[in-house]
Amino acid sequence: MALPENTLGAFLRSRRERLDPSAVGLPERARRRTPGLRREEVAGRAKLSVEWYTRLEQGRGGTPSAQVLDSVADALLLGRAEREHLFLLAHGQRPEAAHVDADRIDPRFRRALDGFAHGPAYIKTAAWDVIAWNRIARLILSDYEAMAPGDRNILKILFLDPVTRRRLPEWEREAGRAVSTFRRELTRWGATERAELLVEQLRARSADFARMWDAHDVGTLGEGVKRLAHPIAGELAIWYSSYAIDDEPGLGLVLYTPDTDDDARRMRQLLES
């Protein structure tokens, strides 16, 4: 079945008609010609003119700005999935990912990381800040707890930490793939202020980052093998996979598992020690 031409307007109208007036502090009226909220009520909550909102629902308002869409989403009490759908209908892309601090991470995610016993695991934001990790990630990748919160960033560690660089025999390949993936994710999730500042800082402090960033390569980490020269465990090969976290725009889960039985044995010994 073909989609209606004005899918954005149809979606807005359906959300408006499903919204209980009492849920937004409006008095119930015994006689409402239509269910839910009136257009003027939504417009008032979104601080838009009634005429403009009406044109938006009718498909005659042009492409609304992200600020307007956020206001309409708030006015209609849209959930995360509904808000993302609204932006996709209007702009063809998701809303910009919000910044998430480590102290705001869902405790369930921390429990999931602690329960992953096969290898390092962490959660990163759209700006590639590491905001949660398990114990073996600290032992094998980087000691995130010993870092200042502003330094717990994958690109900062990769380009500015000489110890990390020495531990990666294939550093050039790893760094290039990271930069190309970061560029792709910025386009996907939006260039947050944190991410824009990060790019400026790295360009100023790392000639390698500036070179790779100016190449404008776009790619994805996906999955593959990372090789590490660990000071205690020795040469390690670990298989990594990255996943988007559903209903958490911009957050990603990265899991590492040993590539061979010998890698698994030495990682267990490191954890047990």
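Predicted model: local features only at pLDDT ≥ 70, side-chain atom pairs only at ≥ 80, totals over all residues.

Me: What's the strand order in the open sheet?
Reply: β2-β1-β5-β4-β3, five strands with antiparallel pairing.

Me: Which strands stand at the edges, and why is one side of each left without a neighbour?
Reply: β2 (130-133) and β3 (223-230).

Me: How are neighbouring strands turned against each other?
Reply: By 30° on average, direction ignored.

Me: How many bridges join β1 to β5?
Reply: Four, between residues 121-124 and residues 252-258. In one of them, Ile123 has Leu253 of β5 as its partner.

Me: And which strands does α6 touch?
Reply: Helix α6 (residues 107-114) packs on the sheet against β1, β2 and β5. Its direction makes about 55° with that of β2.

Me: What about α13?
Reply: α13 (residues 261-272) touches β3, β4 and β5. Its direction is at about 90° to that of β4.

Me: Switching topic. At what angle do α1 and α3 pack?
Reply: About 115°, with the axes 7 Å apart. Leu8, Gly9, Leu12, Arg13 and Arg16 of α1 meet Tyr53, Leu56 and Glu57 of α3. By class, that contact has four nonpolar, one polar and three charged residues.

Me: Last one: which residues of α12 are buried?
Reply: Asp208, Phe209, Ala210, Met212 and Trp213.

Me: What covers them?
Reply: The cover includes α8, α9, α10 and α11. After α12 comes His216, with a positive phi near 60°.

Note on methods
Residues numbered from 1 in each chain as written. Heavy atoms only, no water. Buried < 20%, exposed > 50% of the residue type's maximum accessible area, 1.4 Å probe, protein only. Helix = DSSP H or I, 4+ residues; strand = E, 2+ residues; numbered from the N terminus. Contact = heavy atoms within 4.5 Å. Axes fitted to C-alpha atoms, helices over the stretch in contact; angles between N-to-C directions. Nonpolar A, V, L, I, M, F, W, Y, C, P; charged D, E, K, R; others polar. Pairing = 2+ DSSP bridges.
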